[in-house]
Amino acid sequence: MSDLQTKLDYRIESTNRFKDLNYLLFRYGVVIAFAFLIILSSILYPGFIRTDNILNMFSQLSIIGIMSIGMTFVLITGGLDMSVGGIYAASAVLVASIADGTPLIIAALITIVFGFTAGLLNGVIITKLSVPPFVATLGTGSIFTGFALVYSNAQPFFVKKESFGWLGSGAIGSIPVSVILLFVAYIITGVLLAFTTYGRSLYAIGGNQEASRLSGLRVNWLTSSAYGLCGLCASVSGLVIASRLGQGQANIGDLIVLDVIAAVVIGGTSLSGGQGAIWRTVIGGSILIMISNVFDSLSLSPYWQSIFKGIIIIGAVMFDYYARSKINK
């Protein structure tokens with residue numbers, strides 16, 4: 001009897017250890033992959049860890065990084081926003097068209113309000129009209145892009161005001177303003193998501209929407225607010241790119257949605273909802289930019305970058321489902 005009990009205890013202990021190992025792998029696998037990529041990139045590209053190269057990478061990340069913050073909020077609720085490219089392009093066109101004749105702070109506020117309203121519209125269509133998020137945001141994304149094309153007559157708006165370039169190309173000391181903006185956004189939204197009732201409510205909605213509704217959460221309002229925040233982030237990125245280029249173009253958002261979703265998913269935020277964090281999005285976006293940086297340094301074709309990026313996205317999603325199934329067993 002004692003031998004049987006000993007074997008049973010051993011099996012239970014082994015099972016628990018296996019679950020603990022899977023849990024740690026699921027939670028922190030992306031950190032291990034990130035560290036490995038830093039070492040590999042340093043070997044392949046000797047100038048990789050130079051300060052100017054690191055600042056250059058973060059400057060490139062600022063556009064996708066800010067947009068991926070909003071996408072993180074939406075994915076945690078179990079949704080998806082395919083319209084960020086359209087909002088991003090329309091925001092760039094809008095701010096560039098009014099910047100010369102309007103105080104810059106007013107032009108920026110108008111653009112941000114546009115982005116937030118566009119995001120809220122997505123939320124209302126999804127929650128009130130019960131349209132699936134993918135279909136709803138794919139449709140509104142096409143509308144926003146069309147709006148930008150019609151409004152600009154498919155021609156770029158050039159901005160003559162020199163101070164307009166401060167947000168996208170200026171620097172405080174040696175640090176680009178866009179990088180400072182990115183990290184301020186990471187910190188604020190990271191705290192909002194991890195340490196507030198609002199953030200915990202979004203996780204609850206993504207985990208079980210019906211249970212959240214029965215427990216008294218205002219599911220429709222909270223879900224719509226996540227889409228509103230996503231639209232706001234896309235409009236801020238539109239501001240940054242218009243400032244950096246000194247112009248607003250309607251065709252700049254065609255492919256960016258793939259990079260935004262990739263940054264969030266690679267970091268480990270689940271497409272199923274209820275799981276994710278801003279620190280994961282930071283790592284996911286950094287991995288994406290590191291890959292592009294190393295590929296550029298090796299003069300490899302951007303077509304290979306696209307192929308490699310697709311493989312990483314599929315691998316990240318497969319890993320997510322595998323780890324989740326092991327933990328739940």
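**Helix packing and aromatic rings**

Modeller: In this predicted model, helix H3 passes helix H5 in a left-handed crossing. H3 spans residues 84-98 and H5 spans residues 133-152, and the two pack with their axes 7 Å apart, at an angle of about 25°. Because angles under 35 degrees count as roughly parallel, H3 and H5 are roughly parallel to each other. On the H3 side the contact is formed by Gly-86, Ile-87, Ala-89, Ala-90, Val-93, Leu-94, Ser-97 and Ile-98, which meet Gly-141, Phe-144, Thr-145, Phe-147, Ala-148, Tyr-151 and Ser-152 of H5. By residue class, the contact of H3 with H5 holds 10 nonpolar residues, five polar residues and no charged residues.

A search of the whole structure returns six aromatic pairs. One of them joins Phe-58 and Phe-183, whose ring centres are 5.2 Å apart and whose planes stand at 70°, so this pair is edge-to-face. Since Phe-58 lies in helix H2 (residues 51-76) and Phe-183 in helix H7, the pair ties together parts that are 125 residues apart in sequence. Phe-58 is partly exposed, with a relative accessible area of 22%, and Phe-183 is likewise partly exposed, with a relative accessible area of 32%. The rings of Phe-147 and Tyr-151, for their part, have centres 5.6 Å apart and planes at 10°, so that pair is stacked. Phe-147 and Tyr-151 both belong to helix H5, where they sit four residues apart, about one turn of the helix. Phe-147 is partly exposed at a relative accessible area of 34%, and Tyr-151 also counts as partly exposed, at 36% relative accessibility. Phe-147 and Tyr-151 are, moreover, members of one aromatic cluster that includes Phe-114, Phe-144 and Phe-157.

Helix H2, which carries Phe-58, has a packing partner of its own. H2 and helix H10 (residues 219-245) pack with their axes 7 Å apart, at an angle of about 170°. Because an angle over 145 degrees counts as roughly antiparallel, H2 and H10 are roughly antiparallel to each other. From H2 the contact draws on Ser-59, Ser-62, Ile-63, Ile-66, Met-67, Ile-69, Gly-70, Met-71, Phe-73 and Val-74, while H10 contributes Ala-226, Tyr-227, Leu-229, Cys-230, Cys-233, Ala-234, Val-236, Ser-237, Val-240, Ile-241 and Arg-244. The residues of the contact of H2 with H10 divide into 16 nonpolar, four polar and one charged.

Two of those H2 residues, Ile-69 and Phe-73, also touch Thr-189. Thr-189 lies in helix H7, which covers residues 177-195, and, leaving aside residues up to four places away in sequence, Thr-189 touches Ile-69, Phe-73 and Ile-278. With a relative accessibility of 9%, Thr-189 counts as buried, because buried means under 20%.

As for the setting of these helices, the secondary structure of the protein chain comes to 13 helices and four strands. Buried residues make up 48% of its 329 residues. Of the contacts in the protein chain with a separation of 6 or more, 79% are between residues 24 or more positions apart.

How values were computed. Residues numbered from 1 in each chain as written. Predicted model: local features only at pLDDT ≥ 70, side-chain atom pairs only at ≥ 80, totals over all residues. Heavy atoms only, no water. Buried < 20%, exposed > 50% of the residue type's maximum accessible area, 1.4 Å probe, protein only. Contact = heavy atoms within 4.5 Å. Axes fitted to C-alpha atoms, helices over the stretch in contact; angles between N-to-C directions. Parallel < 35°, antiparallel > 145°, perpendicular 65-115°, else oblique. Left-handed = near helix turned anticlockwise from the far one by under 90°. Nonpolar A, V, L, I, M, F, W, Y, C, P; charged D, E, K, R; others polar. Phe/Tyr/Trp six-rings, centres within 6.5 Å; stacked < 30°, edge-to-face > 60°.
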